[in-house]
Each structure stands twice: as C-alpha cells, then as structure tokens.
Amino acid sequence: MKSAVVVFPASNCDRDAAVALEQVTGNKPHMVWHADSEIPDVDLIVLPGGFAYGDYLRSGAMAALSNAMRDVIEKAQKGVTVLGICNGFQVLCESRLLPGALMRNAGLKFTCRGVGLEVTETQSVFTRKYDSGQRVTFPVANGEGNYTADDDTLDRLEGEGRVVFRYAEGENPNGSARNIAGILNEKRNVLGLMPHPERVCDPLLGGTDGRALFESLLEGLG
Amino acid sequence: MTHQNSRPITLEVVREHGLSPEEYGRIQQLLGREPSLVELGIFSVMWSEHCSYKSTRVHLRKLPTTAPWVIQGPGENAGVIDIGDGDSCIFKMESHNHPSFIEPYQGAATGVGGIMRDVFTMGARPIAMMNALRFGEPDHPKTRHLVDGVVRGIGGYGNCMGVPTVGGEVNFHRSYNGNILVNAMCVGLARTDKIFKSAAKGAGNPVVYVGSKTGRDGIHGATMASAEFSEDSEEKRPTVQVGDPFTEKLLLEACLELMATDAIVAIQDMGAAGLTSSSAEMADKGGSGIELDLDRVPQREAEMTAYDMMLSESQERMLAVLKPGREGEAERIFRKWELDFAVIGVTTDTHRLVVKHKGDVVADIPVHALSEEAPRYERPYQKRPVAIGLTGETKIVPGPYSLANRDILRSLSTILSSPDMASRRWVWEQYDHTVMADTVQIPGGDAAVVRVRGTNKGLAITTDVSPRYCKADPYEGAKQAVAEAWRNITAVGARPLAVTDNLNYGNPEKPEIMGEIVAGVDGIGEACRALDFPVIGGNCSLYNETNGEGILPTPAIGGVGLMADVHRMATIALKRASDAIIVIGETRGHLGQSIFMREIQHTEAGACPPVDLATEKKNGDFVRKLIEDGRVDTVHDVSDGGLLVALAEMALAGNIGLEVGIAGETTESIPFFFGEDQARYILALPAERTQDILDEARGHGIFVTALGKTHAAKTLRVTDEGEIPLSQLRTAHESWFPNYMASEEVPVTN
C-alpha cells in the first residue's frame with residue numbers, strides 16, 4: 001500500500017500519522033507539502049491532525065482551499081481512499097468531501113483524553129478488521145470536534161451505514177450530534193473522524209485499538 | 001505611545017527606565033558622554049534584573065553546573081545533556097509571571113512560546129512541555145479568571161505547536177493573590193553534533209532577522225518584570241505581548257530545516273528585550289561587534305522609531321548570523337514557510353553594538369558595557385529564624401493534633417478534595433498531552449515520561465517545589481524541592497541527570513527577601529551536589545510583590561532523567577489485587593508544615609521536614625535498581641499529604657483496593673499516616689518477592705516497612721480505623737476542580 005500525508009502549515013500530527021503508517025504497512029508515506037498541486041499516485045491519502053493555517057478562521061477552512069486539496073478532492077472523486085483525522089476531518093467537511101461541520105466543543109474547552117468508541121460500521125475499507133459493535137478507546141484532542149449536520153443529513157448518514165465510529169454512551173466529549181465520531185462519504189472511500197487512531201498503535205501508549213484501522217486499509221488496499 | 005529619539009534625558013526619564021541615579025552615572029562613564037534615548041532604553045533592558053541577574057549573579061555562581069554528561073551548562077539559551085547514542089536533551093524553565101497576571105491568556109501563551117524558542121534555537125525539536133503554576137487563594141475574586149486564562153493560554157499555544165504538555169504543578173495560596181507564578185519548561189531533543197549556539201563569531205557575517213514582523217508590543221517587558229506591582233499595574237497591559245503559535249510552528253519547522261544545512265554561525269531567539277538582547281548577547285559571546293540597520297527590520301506598524309524597534313518584544317522572531325553567501329539558501333527556506341526574512345546587519349570586529357536608523361547612528365555602545373559591565377550587587381541579606389516544631393520522633397508520641405478530628409479516613413477525604421491536593425484533571429485535559437505519540441506516562445504520576453522517538457529510551461520530567469516549606473525554612477525547603485524532583489524521576493525508574501531552576505522570590509532590595517534567595521540558592525546547591533544533579537540553566541523572577549507583600553519563596557525545580565528501557569517504567573497505579581505494599585524510608589511522623597496541619601488543623605505551623613541527602617540517595621538508588629531490574633513496577637514517592645494520601649492516589653490510579661495498618665512500634669495514626677517525612681517510596685509487588693526485597697533493603701541499611709496489601713474489594717481500609725469506598729474517594733478527589741471552575745463567576749472589572 002502506497003500512502004501520502006498532506007502537510008499543511010501547522011499540521012502537527014503529520015509525523016505521528018507517518019510513524020503509524022510505516023509501523024503497520026512497512027512503507028514510509030510520501031509527505032506532500034500543501035502548496036504542491038499534485039499528490040503522488042497513492043492508494044491512501046491522509047489529512048493529519050493539527051491547526052492548519054492556525055485555524056484562525058474556521059478550523060480547516062483555509063486548508064480546504066490549498067493547492068494540495070484541489071488534487072485531493074479530484075482524486076477522492078475518482079475513488080482514491082482518503083482518511084482525515086481531527087483537523088483532517090475538519091478539512092474534509094470544509095472541502096465538502098464530507099457533509100456537516102465541526103463546531104466548538106459543547107464544554108467550550110479543548111479536551112484531550114481517551115474516549116470509548118463503538119465501531120458501528122465494519123463494511124468499510126477503514127474498519128473491516130474490527131468486529132461490528134466493538135468497543136475501542138482512542139484519544140481525542142480538539143477544541144472544535146462537535147459534529148453537527150441537519151436532521152436529514154444525520155438520518156441519511158445513519159440510514160446508509162455511514163456512521164463508522166460513535167462515542168460510547170456517556171463518553172461524548174464534545175456534544176457531537178447522535179454521538180457521531182467518524183463518518184464516511186457516499187462512495188465510502190473517504191473517512192473523517194475526530195479521535196486519533198494513530199496515537200493508539202503501540203502498547204506503550206496505552207493501547208493498540210487504532211492498529212486495526214491501518215491494518216484494514218492495508219488489507220483492503222494491498 | 002512612541003518615544004522620540006530626541007526626548008531629553010532627565011532624572012525622571014532615568015527613573016522611568018528602572019535605573020538608579022548611580023547606574024545612570026555608570027552609563028555616562030562607560031560611554032564617555034550622555035546616552036541617547038535609544039541607548040538609555042538599551043541599557044535599561046540589558047541592566048534590568050531580568051536580563052542581568054544583577055542581584056543573584058554572585059550567588060548563582062555557587063551552584064554546581066558540571067557533570068560528565070553535561071554538554072552545556074548555564075549561559076546559553078538552554079542547557080544540554082548527553083543522553084547517549086549521539087542524542088542530546090536540551091531543556092530550560094522560565095517564568096512569565098508578571099505578564100500572566102496582567103493578561104493571563106496571552107501572558108501564559110507567550111511564556112510557552114518563549115521557552116520553546118529557547119530550546120529550538122539550539123537545534124532541538126521540542127518534545128515535551130511542563131508548567132509550574134501558583135495562584136492566589138481560590139476565593140480571591142481574580143483567581144478563577146486567572147486559572148482559566150492561564151490554562152487556556154498554555155493549551156492554546158502548546159496544542160497548536162503540537163508539543164505535548166505532559167505535566168506540572170498547580171498550587172493555591174493567598175501570598176500569590178497579587179502575583180501569580182507561571183513557570184513553563186520545555187524539553188527538546190537534538191543530535192549532539194547538531195547543537196547551535198549564540199556566539200556571533202567572526203566579522204563580515206550577515207545578521208539575519210526571521211519570523212514575525214516587529215510591532216510595538218511588549219516594549220519594556222523586561223523592565224516591567226523587574227519591578228514590584230502596585231494597584232495600577234493593570235495599566236501595564238499594553239506591555240504584554242500577543243502570541244501567535246501558528247507563526248511559531250512555522251518558525252520551528254523553518255529553523256530546523258535551516259539547521260539541517262551548515263549555513264548558520266549562531267542563532268538566538270528574540271525573547272525579553274528582543275532585538276537588543278539578542279544582538280548584544282550574540283556579539284558578547286562571539287567576541288565580535290554587530291551593526292544593525294533598522295530600516296531593514298520587517299515592521300508591522302508605520303512610523304516606528306529606533307527606540308520602539310530596539311525595545312519591542314514582538315513574539316516569534318529569531319536573529320541568526322549566517323556564513324557569508326548563504327543568505328539566498330536561508331531566504332528560500334523561510335519564504336517557503338511564509339515567514340519574514342531580512343538581512344538587517346553584519347558582524348564586525350569593533351566590539352561595539354552600532355544601530356543605524358534613517359541614515360543616523362542612533363546607538364553606539366561597547367558590547368562589554370551591556371554584559372560584563374552590567375551592575376552586579378552583593379545586596380545585604382538577613383537570614384530570618386526558621387520555623388520549628390512538630391518534627392515527629394523516632395517513637396511517635398501524641399501531640400496537639402490528637403485533640404482534633406481523629407477520623408483519619410474523613411481527614412483523608414477532606415485532604416484529597418482540598419484545592420492543593422485535588423485531581424488536576426480539569427487542567428491537563430485541556431492540554432494535548434499525547435500528540436507526538438511518544439507520551440508513555442501521562443499527567444497524574446510522579447514524573448511524566450516521553451519516549452525518545454525510534455528508541456526504547458525515555459526521558460522522565462518533573463517540576464517540584466513546596467513553597468510552604470520554603471517559607472518555613474528557605475534553605476531546607478529549597479533542598480527539599482531538589483530532592484523531590486530527584487525522587488519523582490527515580491520513582492518512575494529513571495536516572496536523574498540535571499535540573500533547571502526557576503527562582504521566584506520577592507523584592508531583593510529587602511534584606512529579608514535577599515536572605516530567602518541566598519538560602520534558597522545554597523539549599524539547591526547543597527542538594528544538587530549531593531545528588532549529582534547539576535543545574536544547567538534557569539531563570540530568576542524577582543520583585544514578585546504587590547503593595548509590599550511578597551510571595552512565598554518559590555524556587556521551582558525542573559528535573560530531567562533518563563531511563564534505558566521504557567518497558568520497565570514504574571507507575572503509581574496499583575496493578576494486582578494481592579500485592580504486598582511496602583514503604584522504603586523511615587516514617588517518623590513529621591507533621592510540621594504538612595498538608596494535614598493546614599487542611600485539617602488550619603494552621604501553617606512547624607518546621608518543614610528536613611532532608612537527609614545521604615538517605616535520599618541511598619533509598620532512591622535502591623528503588624531505581626529494583627525498577628531497572630524489572631522487579632518492581634508500582635512505585636509512588638511519598639510527598640504532600642504523607643503515606644495515606646499516596647496510598648489513596650495509587651488505589652485510585654489503578655482502581656484496586658488496599659488495606660494497610662500502622663507498622664512497627666508506633667501507635668499514633670495521624671503522624672504515621674499524614675507525616676511528611678522525606679526519602680520515602682511506597683512499592684507494591686507480588687507477595688512472593690517481598691521477603692527478598694525486605695532483606696536486601698535491610699542489608700543495605702535501608703529503613704523498610706511492610707505496610708499491608710492490595711485486595712479485591714474496591715475499598716481503602718485502614719486496620720482498626722475502618723474503610724472507605726474508592727468511588728467515594730474518587731468523587732472527592734475529582735470534583736473539586738471542575739466544581740470550583742464552574743461555580744459562580746465573581747465579576748472581574750477589566
């Protein structure tokens with residue numbers, strides 16, 4: 001599996017994503033600078049966590065307009081697999097590859113802690129190695145992770161099996177609608193999620209629950 | 001407000017610059033003429049307490065600063081230690097107290113930004129942040145606002161930088177009502193053969209300015225940090241700088257990219273006193289001169305004067321000296337990161353700092369006048385008598401404590417929910433503590449541990465000081481701060497290597513405060529020598545007084561240690577339901593200055609617990625060896641609150657219950673369970689290994705006691721005293737902070 005990680009100014013989980021990808025897949029990803037207009041020919045594009053452009057406008061709003069994102073959008077429409085983690089999820093929503101938006105956390109505070117999640121959809125290239133309904137723990141680390149969309153959109157996401165991760169009952173750290181932590185696009189080749197699977201790929205870091213996500217991709221994308 | 005270069009210099013102007021008439025006379029003598037206003041501004045910041053250490057320099061010299069593993073001691077932007085395999089650890093702690101009191105969010109944020117620049121200017125990638133925070137009493141009308149702003153500021157900056165904030169301290173005490181302390185520590189990692197320093201050697205090398213543009217923010221910050229506060233201090237808000245972590249993140253990456261080349265001769269961040277101190281210090285260390293042309297400085301505002309530019313403390317800026325001809329290569333890197341880049345001067349062989357603006361020479365000062373000629377004072381000092389009493393005895397006897405509440409489980413619950421002892425989760429969950437995916441011990445343990453990426457090595461990091469001990473006895477209290485840092489690093493299984501000290505005190509011109517400072521430095525020196533734990537850098541923050549009221553003496557110690565294999569790291573969490581619990585170190589029942597006396601008896605009385613450094617070393621070395629050998633994985637040092645508090649923390653962290661009883665010949669439960677005797681560690685280990693370890697400890701002449709065992713029930717039981725469910729203790733421990741922060745906001749008028 002060949003992969004690329006897009007580096008925006010003030011991305012800060014780009015290196016973590018690269019380490020996790022290399023650990024699980026055995027291959028180093030390409031690191032692609034946001035100003036580059038073309039993403040190399042890869043099986044997976046990762047939009048990492050961080051504060052692209054300082055997130056001084058809305059989170060992800062500036063990054064969604066970058067050169068690199070133009071090509072990401074094009075490639076995603078052609079079916080290339082795209083994974084957006086945290087700030088990457090925000091960029092995916094801002095670029096309309098995913099519906100809805102991420103608002104300020106309900107508690108109004110940046111929150112970093114391990115949260116219990118339920119894998120609610122395993123019919124995806126991102127989650128095929130999980131068991132349906134499996135309970136996992138990933139850390140969240142965000143100030144704007146409160147997923148919101150209109151009811152029709154939420155109904156559709158649920159009806160089409162596009163809600164992949166949900167915060168477990170009582171664990172919703174940011175007020176996200178219907179406990180949504182991660183969603184797929186219609187074609188199911190784009191996943192955005194707020195929690196950080198790349199931070200739980202090593203037993204020393206308090207868990208390996210995130211590995212199966214990367215292993216799923218490896219199995220699905222070769 | 002802009003300052004005209006031509007404003008006449010009167011004694012009033014000299015005073016406004018924080019200089020004494022004698023100091024001004026010395027400036028005239030050094031220059032052989034009257035200074036210009038720009039020159040006066042330059043002298044005022046370089047000779048400020050903050051930059052010159054004029055009150056403390058003669059004492060700081062007494063600190064031990066060397067060891068075979070020390071690569072760089074005090075005097076550079078940060079200290080450097082060798083951690084093997086060609087890796088170095090670079091770290092420093094610095095205060096941002098005064099700005100944080102005036103504008104807590106920006107003050108704390110720029111404190112974080114400043115200390116990160118100190119570390120990455122030396123070639124290191126920052127890998128962990130810590131902070132030591134002291135606030136006024138919780139019911140003071142400003143405290144909640146300050147806690148909220150400081151915590152958000154630290155998080156806002158550090159989270160965006162993508163450097164995990166892995167721990168620290170938060171205390172409350174009325175002495176900080178008007179002077180909070182915000183001390184931030186940054187730990188970075190570099191290759192030992194790629195360390196950058198600030199000596200601007202050689203003549204004819206281009207001096208380049210990179211980062212943000214210069215504005216009028218922070219003018220005179222260093223001078224502000226060198227004076228007492230008064231009622232009108234909030235009018236100084238315009239001198240607080242505004243942080244931009246986004247630009248700093250770009251600056252970090254751009255600097256590291258440039259550092260991968262060999263284009264740099266010297267580099268230094270523009271921190272306190274901005275362009276002035278960076279250029280003067282670089283020329284001083286390089287034995288050269290520097291000529292600056294201010295017309296080329298990237299400027300954010302129109303009509304800035306030379307005075308404004310030389311004294312601005314705009315953030316996220318660096319000054320570098322390059323090898324000639326390498327400007328283009330460097331510029332390309334900084335442009336890629338969308339940062340300003342300008343060649344603003346050249347190094348010379350004149351040993352003078354020459355500043356030009358609009359064709360005029362506005363300053364021309366011999367460099368040595370700003371550095372070694374800066375005043376240094378042997379200020380008169382007076383050591384006051386230390387507090388005495390409540391020291392405990394070998395055989396514990398009843399004391400005045402026995403008259404009060406004897407329900408020790410209720411006292412435990414009260415202590416665990418007190419402002420200083422309650423869980424800090426509310427604070428550290430606002431910090432991204434797991435970014436970089438190398439945090440192997442998150443906040444809440446004895447020391448934070450971050451893995452050295454791509455290896456099994458770990459760095460253990462802690463910040464410690466018990467200001468109430470330092471108030472009772474400035475010398476023993478300072479010793480204790482070092483010993484506790486050493487112990488916390490030991491308790492996770494790391495070898496303590498070096499410290500950075502952040503000396504927060506009141507007005508050094510008062511002999512009794514100067515006495516606290518001298519005793520504090522002596523105590524740190526004594527402990528660091530005995531524990532082989534040199535001081536490789538630090539910062540002094542003096543004049544922490546408002547309306548004549550000083551803070552508790554607060555010499556915060558930031559310690560770093562190294563462990564060879566993070567897989568063997570110990571944590572405080574109980575792990576098995578049938579472990580034996582033993583205590584290394586002697587419990588004499590020292591209640592003086594204890595949390596018990598303060599929270600239950602409502603008195604800050606007695607002597608602080610004395611530290612026997614030889615015993616510290618012996619006990620700590622023994623515990624560390626057990627961890628390194630993989631024989632013990634559960635350890636907690638005993639500090640604030642004593643044995644029972646430490647046991648409760650271990651039970652809560654692992655969600656495993658335990659039962660303990662008074663051991664030995666002692667019978668008095670309060671001093672036994674709440675005394676704060678030093679050099680102690682609690683260990684939990686499989687019962688079958690216990691006897692060997694007890695025998696070995698005794699063989700080494702180490703005091704050791706079997707205290708009890710863990711059990712399947714989720715309760716904390718004290719033999720003959722009763723038990724309490726862990727859920728109840730957890731609620732007590734976890735609820736104080738969020739409840740306090742959520743409670744009715746007292747309106748703050750500003």
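1. At roughly what angle do the axes of helix H1 and helix H5 of chain A cross, and within what distance do they come? In this predicted model, the axes of H1 (residues 14-25) and H5 (residues 211-221) of chain A cross at roughly 60° and come within 9 Å. H1(A) is therefore oblique to H5(A). The crossing of the two helices is right-handed.

2. The residues that join this helix pair can be named. From H1(A) come A:Ala20, A:Leu21, A:Val24 and A:Thr25, and they meet A:Arg211, A:Phe214, A:Glu215 and A:Leu218 of H5(A). Sorted by class, this contact has five nonpolar, one polar and two charged residues.

3. Next, the contact between the chains. Chain A puts 22 residues into the contact, and chain B puts in 22 residues. On the side of chain A that touches chain B, at least two residues each are supplied by H1, strand S6 (111-119) and strand S7 (135-142) of chain A. S6(A) gives the most to this side, with three residues. By class, the side of chain A that touches chain B has 13 nonpolar, four polar and five charged residues.

4. The largest nonpolar core has 316 residues, and of these B:Val482 and B:Leu647 touch the most other members. Helix H19 (residues 511-531) of chain B provides the largest share of this core, ten residues.

5. When neighbours within four places in sequence are left aside, B:Leu647 is in contact with B:Leu658, B:Val660, B:Ile682 and B:Leu716.

Terms used
Residues are numbered from 1 along each chain as its sequence is written. Chains are lettered from A and ligands numbered from 1 in the order in which they are written. This is a predicted model: local features need pLDDT of at least 70, side-chain atom pairs count only at pLDDT 80 or more; totals for chains, interfaces and linings use all residues. Axes are lines fitted to C-alpha atoms, for helices over the stretch in contact, and angles run from 0 to 180 degrees between N-to-C directions. Helices (H or I, at least four residues) and strands (E, at least two) are DSSP runs, numbered from the N terminus. Angles under 35 degrees count as roughly parallel, over 145 as roughly antiparallel, 65 to 115 as roughly perpendicular and the rest as oblique. A crossing is left-handed if the near helix is turned anticlockwise from the far one by less than a right angle, and right-handed if clockwise. Two residues are in contact if their C-beta atoms, placed from the backbone, lie within 7 Å. Ala, Val, Leu, Ile, Met, Phe, Trp, Tyr, Cys and Pro count as nonpolar, Asp, Glu, Lys and Arg as charged, and the others, Gly among them, as polar. A nonpolar core is a set of buried Ala, Val, Leu, Ile, Met, Phe, Trp, Tyr and Cys residues joined through C-beta atoms within 7 Å. A residue is buried if 20 or more other C-beta atoms lie within 10 Å of its own, exposed if 12 or fewer, and partly exposed in between; C-beta atoms are placed from the backbone.
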